[in-house]
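Hello,

Here is the structure I promised to pass on to you.

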Amino acid sequence: MAELVQRYLDQIRAEHAGVTDGALADYIPELAAVDPNGFGLSLSSADGFIYESGDSAVEFTIQSISKPLTYALALDQIGAEAVDAKIGVEPSGEAFNEISVDHTTKIPKNPMINAGAIAAVSLIPASSPDERFAVIREFYSGFAGRQLELDHDVYTSEKATGSRNRAIGYMLQSFGVLDGDPDEVLDVYYRQCSLRVTSTDLAKMGATFARGGVNPQTGRRVTGASVVKRALSVMVTCGMYDAAGDWVSAVGLPAKSGVGGGIVAVLPGQLGIGTYSPLLDEKGNSVRGVRLCRSLSEQLGLHFLTVSRDSRATLRATYKAGEGIRVYETHGDLLFSGAEQVVRRVDRERNDFDVAILDVSGVDDIDDAARALLSGMSAALRAEGKEGYLVDPDGIVIRNEPGLEAVRYRAVDDAVAAATTWRDSGLRSTH
């Protein structure tokens, strides 16, 4: 039944597939040569289940999405106090490549702009640029769950056209922010930005952030929860450049974009999202990626201010109510993330029952995305020769939809009685 969620995500991505606004990042020659039509979406749940739609396997360079990762690595390696002495955490309100520092502290305003990101690279302990890059790549690869590779052509292109970043590097050295050779630090910075990823890699990275630093697929702890908390906090306020205010109010997910066309977004405790579309707006964010994330947030109820509600939506109990009959009892507020877990739990256990009874009588509130998934569960089960009944006394899932009234019951006992009759009769009706 994971296909119910898959269809939902495909539909949301299709809503924006025709958008052609924006332009490629032509100031980096290699990025100006990519296919402008690429469009991928990936979503990873906190337990590591992956959904993919569109060009999810297309590789592109991570670019500025590397910034929260290197910032997290610096926090992990030398601690928050040492990092705070070199990099601030305040929104800049400036372009990502602005040649500037905070007027008072004389340090970069935050790690999500180029000045802060270059400073973060310099903080990674290493005896050489190659060793520093190896440490950074290993950290990123831990988040993605696979070894990431360097795009040498993009690296060469960025290095050849990086005059503005060189100006930033030497400015930082003049203020005592960089201890090492600016050119060596910048070389590592160009390399970290040129690592190849897919939207699925970004979703896995987001899920690792969502799990407090544990990659849900590999089970490996990549970093600590306190590091993740700090990194996500800065992503909320600074991750989308000077569009961060619009993003946090409309989308409400810690996120980071890159001029390669990617966006990673995180719903703490629940899921990670990765998108890819290389056409950028004037602020350097993917046009279709921003629209897609906004639709996902609105339609699936993913704004982080709903987390406290959704975290109360759990399977309170599952139990056997007779031979071949299993009851799934939910409670609290049921939004997309909770409904996705319910549907996938039923799907995983479908060989253990003939009739599944979903009891939503203890649910306080439900959104349209969750309603659509749960409404489709009965039809999906019947297609496999099973039955799916719903205990929904208040009609919060199924209201007056033709053809579905017969699977709705007011009490668990009524549903169990109907399931027993169906099972004993040996009939496999479709209502």
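The lining of the largest cavity divides into seven nonpolar residues, two polar ones and no charged ones (nonpolar means Ala, Val, Leu, Ile, Met, Phe, Trp, Tyr, Cys and Pro, charged means Asp, Glu, Lys and Arg, and the others, Gly among them, are polar). This is a predicted model, where local features need pLDDT of at least 70 and side-chain atom pairs pLDDT 80 or more, while totals for chains, interfaces and linings use all residues. Residues are numbered from 1 along each chain as its sequence is written, and side-chain values use heavy atoms, without hydrogens and water.

A cavity here is a set of points, on a 1 Å grid over the protein atoms alone, where a 1.4 Å probe fits but cannot get out, and lining residues have an atom within 4 Å of a point. The largest cavity has a volume of about 50 Å³ (the space filled by probe spheres set on the points, which are joined across faces, edges and corners). Its lining consists of A356, L358, L374, M377, S378, G388, Y389, L390 and I398.

The second largest cavity, at about 30 Å³, is lined by L43, S45, Q270, L271, F336, S337, E340 and Q341. By class, that lining has three nonpolar, four polar and one charged residues. Domain 1 (1-300) and domain 2 (315-425) both contribute to the lining of the second largest cavity, so this cavity lies between them; the domain bounds come from an automatic or database domain assignment.

Best wishes

Methods. On a 1 Å grid over the protein atoms alone, a cavity is a set of points where a 1.4 Å probe fits but cannot get out, and a pocket is an open set with protein on both sides within 12 Å along at least five of seven lines; lining residues have an atom within 4 Å of a point.
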